[in-house]
Structure formats: structure tokens, C-alpha cells
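The following paragraphs lead the reader through one structure. Please keep the sequence and the model in view while reading.

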Amino acid sequence: MGYNISDANSYLVITGGGIPDIKIVKKAWVWPWQKHSRISISPFDFEIQLQAMTIEKLQFSLPAVFTIGPADDVDSLCRYAKILTGKAANSTKTVTTTGRNHVQDIVKGIIEGETRVIVSSMTMEEIFKEREVFKTAVIRNVQKELDQFGLRIYNANVKELQDTPGSEYFTFLSRKAHEGASNQAKVDVANAMMMGNIGEAEKRGKTRQEISKIDAATAVLETQRKSEKAQADAQLATTQINLDMGIKLANIEATRKAESKDAELQRDVEIQRAQTELEARRATDLVHAKIERESAQQEADAKFYGDSKSADGLFYAQKQKAEASYLATVKGADALVYQQKQEAEASFYRATKEAEAAFVAKQREADGITEMAKAYQHLSSVLGGPQGLLQYIMLQNNTHEKLAKANAQAINGLQPKITVWNTGENAGGSSADAMAPVRNLMQSLPPLLSTINEQTGIAPPGWLAKMAGGGGQGGDGVMVKGEKKMVNGG
């Protein structure tokens, strides 16, 4: 029994009464009915020399160094304490060793198995070129297996691949690389010598070209300088001539300006003399004008005062008159507005009553038309349909008589000339019948009216023809003006 404290890199593992499984702590009271041990979480290194074979059936040796230790969390420490720790054979204390040899055997077996699985699916070239991918895959797969033991890979270092006994694959690769490097060095030296010779020839040619360019440029510059000197000499001569001409012109202008100045001075003297006399006269006139102006000003002031007072009086009178006129106009306008308002209200009331009366009259008229329509409807049913009603109304209103009068008035006084041509068999004969065309026309009228009645149901008016009833054996017939004309064999 006592209070136990673990080191910084270790934990206390307590079992016994009051603890269902195990308890992982840094410090705790340990009672007589409990046991405790210490486990270290310090990682440890171990080296392995792995023999593996690629997908190409090439064997090689893979030396590697792994740094592995218990993971620093309660679940991992519990698994580690349960599976990989145990009581030392030569120890009498309740101190649990880490069982490093046992752990190394387990980890070595896991690493060899997972590494062989990964290597068997890769080529030697992939292992060389993708060393980091290979290392990551090994660590990932191994870590999955170590999780069940509560272990963690802190670091993994895969060394250079080596040949197995009896294999010289990497030796040949090294020799190939060495020979390739030597040959490439020879090629590089030859290329360097070639580039040196070419560069030396190019420099010599460029030197000659530059010298030729400099000589040509020098000749051109000399020619330009001579041309510029000739132009400068010509310019100098021209300038000298212009200067001489300018001096002569300046002398002439100076003489003319002196004479002009003298004339201007004399003119100014005369002007000053005239202005002096003018000012003297102006002073005299100014005194008289000032006296007259002051007198006129006083008279104007007196007149303005009188006119101002008259205007004030006139303005006050007109203002009073305007206010009176405005008041009368306003009162008149108010009276007119009131009168118009009364008239408008009376007109509105009258129009409203007239509209109501018109509405009632129209309503009564509509009711009358409705009753008349109902009467016509009953009458139509009595007379055998709309056609009989139409004929009744026409008879009631004397429509046929009016139509006959209108037709008579239309042809009254026309004196028509009727010419009949007979083109039948008896045309031109002495026995020709002049009424034959009219008779033929009248004979064609009954079948025409019968056909219209059969196809459309429209019967001719009673005054023109009466349709005969069916059932006779003599065929269809039409009664025209009381006489029966048989058609189609009658």
C-alpha cells in the first residue's frame, strides 16, 4: 500500500479490487488488494535486413531502420499493457518490463510480411523512382497492423537497396551508370571543344566584320563632315550679305524715322496749343452752364415736389375707387355664383327627374315589347311557325298591297317595249305563237318552286302559289292562282 508516482516516460498499470479491467495513470494510491506495474513509452530502434522479390522476379536486400514505441493514449496503452508486457522471470518486484525482444519479433514479422506484399506488386524501376511512395505505403500498411498492439511508428528509414548473395543486379546498374557517365563526359568534352572552335571562328569573322563596318562608317563620316563644312561656308556668306543689307536698311529707316518724329512733334505742339485754347473756352462756357444748371435744378425740384404731391393724391383717390370697384365686383360675383349654383341644382334636379321618367318609360316600353314578343310567340305557335307569323304580320300591315303600289309606281309611265323572239321550230312561220315563251316560263315556275320547297323548306307566299298535298298518283303539282298545273307527266 502506498502512493505511487511514475516517471515522465512511463505510466502506472493498476489491477485488482475496485478495477474492472486495468487502470492506466501517472500517479495513484495502490491498496493491498491491488497490484501495479510500470510501462515505458520510450520508442526503440531496431534494424532489419529484409529479403524481397519484385514483380519481375528480381531478388534484393532491403535494409531498414524503424523507430517504434507505444502510442501515448489510454486505449493504445491498454492494448500494449495487455498483450506485449509481462513479469520478468528474474524479478521479484511488481515491475513489468516492456518485453522489447518479443515486441521486435512481432514488429519484424509484420514489416517483412507487409513489405513483401507491396514489393511483389511493383517493378524495380518503380521502387527506385517512387521511393517516397514505396516508403509511405510500407508505413501505412505496417501501422494498420501495429494498431492492434497499441504501437506507433515514429520514424522509418529505408536504406539503399542491395544485391542478395549470388545477384549482381545493382552492381551492373552501377557499372552501367558509371559507363554512361563516362561516355557522356567524353561527349560533353567533344561538344565543348567543338563549341570552342566554332566560337573562335565566329569571333574572328565578327572581328573582321566590325573592322570593315568601322572603316566604312569613318569614310561616310568624313564625307558628311566635308559636306557640312561646305554648307557652313555658304551659310556664312549668305549671313554676311544679309547683315550688310540689314545695316543699310537700318540706316535708311533711322533717317526716315527721325524725319517722321520731327513732324509728329510739330503736330503735337500745334495740337497742344489748340487744346489749350479749347480748354479756356470750355472753362468759360462751363461756368455759365453750371449757373444755368443750378437754376434749372431748383426749378425742377420745386416742380417735382408739386407733381409728387399731386400724384400721391391722385393715387389715393384711384386706390379708393379701385377698392370700391373690387368690393362691388366681388359681391356681384358672389351673387352670380349663388344664382348659378341654384340654377345648376335646379337643372340637375330637373335632369334627374327627366332621366328617371325616361328610364321608367323605356322600362315600360321594354315590358311592352316583352309582352308583345310573348304574344307573337303564342301567335306563331297558332299560325304554324315563324313563316305563318311573318305572313300574318305582312297581311296585317298591308305589306303586299304596299309592295304592289310601289311596283306600280315604279313602272308607271315607262311604256316598255316588249320584243319576243321565237327560236323554236315554228320560228318565222305564219302559225308562230307569240305567247309561247311566256307559257314556257310559267311552265318552268312550278317545278322550280317545288324544288326550292323540298330542298330548303321555304314555301311560296299564298297569293303566288299553293303547294298541293302529297299522295296523288298523278305526280307532284303546284296550284297557281287557283288552278292546278301538273308537272312530270300531268
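The average pLDDT of the chain (the predictor's confidence in each residue, from 0 to 100) is 78, and 83% of the residues score at least 70. Residues 87–98 have a pLDDT below 50, and this stretch makes 16 contacts in the model beyond near neighbours in sequence, a contact being heavy atoms within 4.5 Å. This is a predicted model, in which local features need pLDDT of at least 70 and side-chain atom pairs count only at pLDDT 80 or more, whereas totals for chains, interfaces and linings use all residues. Residues are numbered from 1 along each chain as its sequence is written, and side-chain values use heavy atoms, with hydrogens and water left out.

Helices (H or I, at least four residues) and strands (E, at least two) are DSSP runs, numbered from the N terminus. Three strands form an open sheet in the order β3-β2-β5, with antiparallel pairing; two strands pair if DSSP finds at least two bridges between them. Strands β3 (23–25) and β5 (34–40) are the edges, each pairing on one side only. Strand β2 (residues 10–16) pairs with β3 over 3 bridges, and I14 stands opposite K23 in β3.

Helix α2 (residues 100–119) contains E114. Leaving aside residues up to four places away in sequence, E114 touches N141, V142 and E145.
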